[in-house]
Amino acid sequence: MKPTNIKDSEYFHKVVDCQYACPAHTPVPHYIRLIAAGKYTEAYMVNWESNVFPGVLGRTCDRPCEPACRRGRVEEEPVAICRLKRVAADFKDDISQYLPEIPKVKNGKKIAIIGAGPAGLTVARDLAPLGYEIHMYDDQTKGGGMMRSQIPSFRLPNSVLDQEVNVILDMDIVKHFNQYVTSLKDIINGGYDAVFVATGAPKGKDLPNLPGRWDAKENIHIGIQWLANVAFEHTNKIGKKVIVLGGGNTAMDCCRTSRRLGGEEVKVLVRSPFKEMKASPWEKEDAIHEDIPILENHVPKSFVSENGKLKGMFFEKVEAQYDDKGKRKLVPTGEPDVFIEADDVIIAIGQENRFEWIEKDLGVEFNEWEMPVVDETTFASTRAGVFFGGDAALGPKNVITAVAQGHQAAISIDKYCQGQDINDRPAPDVTLISTKMGIHEWSYDNGVSADLRFVVPQEDKKITLADRKKEVELGFDLTSAFKEAERCLNCDVQTVFMEDKCIECDACMDVCPTQCINFTFNEENEGDLRAKLLIPALNQEQDILVSDSLKTGKVMVKDEDVCLHCGLCAERCPTSAWDMQKFMYKTAKAGC
Amino acid sequence: MSYIKPKFEHPRAPKNALGYSRKEYEGSLSTLCAGCGHDSISAAIVDACFELSIEPHRVAKLSGIGCSSKTPAYFLNNSHGFNSVHGRMPSVATGANLANRDLVYLGVSGDGDSASIGFGQFAHVIRRNLNMTYIVMNNGCYGLTKGQDSATADHGSVSKAGSVNNFEGIDMCAIAIELGATFVAQSFSGDKNQLIPLIKAALSHSGFSLINVVSPCVTFNNNPGSTKSYDYVREHNEALSSLDFVPVKEEITTEYDEISVKMVEMHDGTFIKLNKLHQGFDPQDKLSIINALQVARQKDEILTGLLYLDTESVELNDLIGTVNKPLNSLTEKELCPGSEVLEKINAGLR
């Protein structure tokens, strides 16, 4: 096998599992170390630069980083990355001195952003400091988009959202709120140099053909609309018995909100088995904690009402069967249909985009699923100067994905307005610097904490269920935040091997706590080399680091899979052939 | 500097017959110089004991004084340990072994501890064929006192400061064979493939087993001109044989070429499979190995592998007919058999 090319920054980028998994590639270990050092404001700003909404995401992120966390492969649970982000937001000082300066004199380019959600706000934040004149359109009274209308206040307090949204809106953004855009043509004709469409997926799916759907429609609600009505205080109560249909995070928000608006017997009913629900495991846990049963394998069959008043619903019981390819089929069990009483039903089975306001003759093409044709790198549509991002671009995902897409779209918009090729993407900013401070001293804490994951404390259920706006999670205090931060394995401090210095004393191999370092003879193909290691490198998702030939003809092979980044290899190396080097990977931003 | 080893191990770390992983055989984090050959030997001891599925609490590790004698802190943390007086480890080992013959005795010493201050003890423990494994971590210098030449430094070897050694070096293996050792091997800390099976075989041998391991001192004796440096040993290493240790239960089914492969049955029923790299040499023929050692010395070669093995060895406890139970398990009944027995003994002496 050829020696690994560590000059290619993608190699070490992949070793930092959390950062690699994050759509915005936030440098997670870097800010976790800042939190451990008590530098909350700095930690917050590292996040802010990368993911724009640390306070929001520290409470509500889908956390793709956590399943990827190396700690989860070494012990039971990953580092509580998401909730540490919240610590940075909770304990930060005034950030105004760190914010970019907004030029008084603009650069003469006008940008329209339709939709003031996470994607739209990200583009605004990236472009406003460059001197663009930003016009932002939204039909809500305040910015924030789905973060405001769909995420309940007991998970995300308004004050946190307002602070982070206002930081952006204060960048000389021209607000056109309370204004529903009905025509893209009008916007284009409004003299804008570029248009960014970030209108999300605002239409909740319905069950229009289910028998009885329209008989008692006053008590049958669409999840996201209902949540928005609660958020904007148009709705403030619900019946005692509530059925929530759906197994995603919106369903979890609906059932928990129902419990706070008078719902006493709230049940979630899902078609799929419990473990295949789309909702994040922690959101399911929180719902169950609030005495909400989740009934799996129940397919809605009909609504039952009497004299225009909803009585309940019938469900068919099914079981999941899988074919050879693992494709799931829900097969009726043959048991009698189940009737569940309800005063109200909330349908939270998914959401869709809405593009009827985009005229068909503008050159913005749509595909067979009626989604705009969008380049997945540049986020350009088929009409020059019109860009898409967030849920409106590639379908509903999550906040952090919308932010990542917003960054990319901002780069494209900037290049487009400056007359550059939008397909010429800027490279990430990468540094690799030794952490060596002395013979066996490193500028990071290389001791490996054996603590198990700390649990974020919650407010008493009696209090939170009585007040819709009372935040459930209290967040880590600083003592547990420090301990949790110490669980991070510092995967961004890379084990860099320099074969020309190695004397093959085996010290690194002997000391490695997880036996991932090997000195062995090379093999033609990677599979054979992986198989012959001290502990075979079976996790194909993780790379192996292969050195060039050493003096004895052997090579050094390191399996990255469960490396603890403890630095013992480098400490026990007599010739500094190993060095612990801090790898920093920043994705390019507009104007860089 | 780290003083604590992370608790974690590889989630797929192999387990031995006792259900233990290698972790259960490890020790504390070494405080020797980074890159010390002794650490590799410690790791080989860990691997050997792990692979043999020895219960850690059945091992007694003993040492004298020196860098080498610090190493018992760095392996087998769950075993008994005795860090004794300089050069006096053999006496302590002898006493312990006579008191409890059921334990596995592993002595670790260095060239200073064994070839200088403890040379007398070294000679006598060999003569008596004490049932123990005696590993000499031989780096040819006094590493703990800044690298003066030791008694095993080869004639002509150049120290780090540039001075040439004018004295003859003691050949630990040749001396041991001369004194009647029943298992003698030589190896190199940088060659675990050879060292681990040698340690396993030594631990399985009944009687005295010496393994002299050339173990470079990275700080004071790894310089050009040294005959105990990583580079020199790699260039001059002449392996007599490569060997596999075959556990007792494993059936020997594969056919082998009797000219190049020799199966030696050990006392406990295990086998050593010797793949001979040198013809005309037989580890069970004392004359052939004494000859081979002399020839190697003339050619500036370091012979490694199993040098000599006497499978008919009778260990000390059997030689002097000690009680076959550990002393701590003897009860008053056995220790004070009563006046009748005393009478008999007294009568026998009259």
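Two strands are taken to pair if DSSP finds at least two bridges between them, and the views below are drawn from a predicted model.

**View 1. The open parallel sheet of chain A.** Five strands of chain A form an open sheet in the order S3-S2-S1-S4-S16, with parallel pairing. The edges of this sheet are strand S3 (174-176) and strand S16 (386-388) of chain A, each of which pairs on one side only. Direction ignored, neighbouring strands of the sheet are turned by 20° against each other on average.

**View 2. Strands S1 and S4 of chain A, with the helix that packs on the sheet.** Strand S1 (residues 110-114) and strand S4 (residues 194-197) of chain A pair in the parallel sense, and four bridges join them. Within this pairing, A:Ile113 has A:Phe196 in S4(A) as its bridge partner. Helix H17 (residues 399-417) of chain A packs on the sheet, where it touches S1, S4 and S16 of chain A, and the direction of H17 makes about 165° with that of S4(A).

**View 3. Chain A as a whole, for orientation.** Chain A holds 22 helices and 24 strands. Its radius of gyration is 26 Å, close to the 25 Å that the globule rule gives for 592 residues, so chain A is as compact as a globular protein of that length. The C-alpha trace of chain A spans about 90 × 65 × 45 Å along its principal axes, and buried residues make up 50% of the 592 residues. Of the contacts in chain A with a separation of 6 or more, 72% are accounted for by residues 24 or more positions apart.

**View 4. The surroundings of A:Asp561.** A:Asp561 is placed in the loop between strand S23 (555-559) and helix H22 (568-571) of chain A. With 22 other C-beta atoms within 10 Å, A:Asp561 is buried, because the count needed is 20 or more. When residues up to four places away in sequence are not counted, A:Asp561 touches A:Arg73, A:Cys516, A:Ala537, A:Asn539 and A:Gln542. The C-alpha atoms of A:Asp561 and A:Val197 are separated by 40 Å, and these two residues are 364 residues apart along the chain.

View 5. Most residues other than glycine have a negative phi. A:Ser576, a residue other than glycine, has a positive phi near 55°, and its place is in the loop between H22 and strand S24 (578-586) of chain A. A:Ser576 counts as partly exposed, with 14 C-beta neighbours inside 10 Å. In chain B, B:Asp300 likewise is not a glycine and has a positive phi of about 55°; this residue is found in the loop between helix H9 (286-298) and strand S13 (302-309) of chain B. B:Asp300 has 13 C-beta neighbours inside 10 Å and counts as partly exposed.

**View 6. The contact between chain A and chain B.** The contact takes 28 residues from chain A and 24 residues from chain B. On the side of chain B that touches chain A, the elements that give two or more residues are helix H1 (37-51) and helix H8 (230-236) of chain B. H1(B) gives the most to this side, with four residues. Sorted by class, the side of chain B that touches chain A has 11 nonpolar, six polar and seven charged residues.

Note on methods:
Residues are numbered from 1 along each chain as its sequence is written. Chains are lettered from A and ligands numbered from 1 in the order in which they are written. This is a predicted model: local features need pLDDT of at least 70, side-chain atom pairs count only at pLDDT 80 or more; totals for chains, interfaces and linings use all residues. The radius of gyration is taken over C-alpha atoms; the globule rule is 2.2 Å times the number of residues to the power 0.38. A residue is buried if 20 or more other C-beta atoms lie within 10 Å of its own, exposed if 12 or fewer, and partly exposed in between; C-beta atoms are placed from the backbone. Two residues are in contact if their C-beta atoms, placed from the backbone, lie within 7 Å. Ala, Val, Leu, Ile, Met, Phe, Trp, Tyr, Cys and Pro count as nonpolar, Asp, Glu, Lys and Arg as charged, and the others, Gly among them, as polar. Axes are lines fitted to C-alpha atoms, for helices over the stretch in contact, and angles run from 0 to 180 degrees between N-to-C directions.
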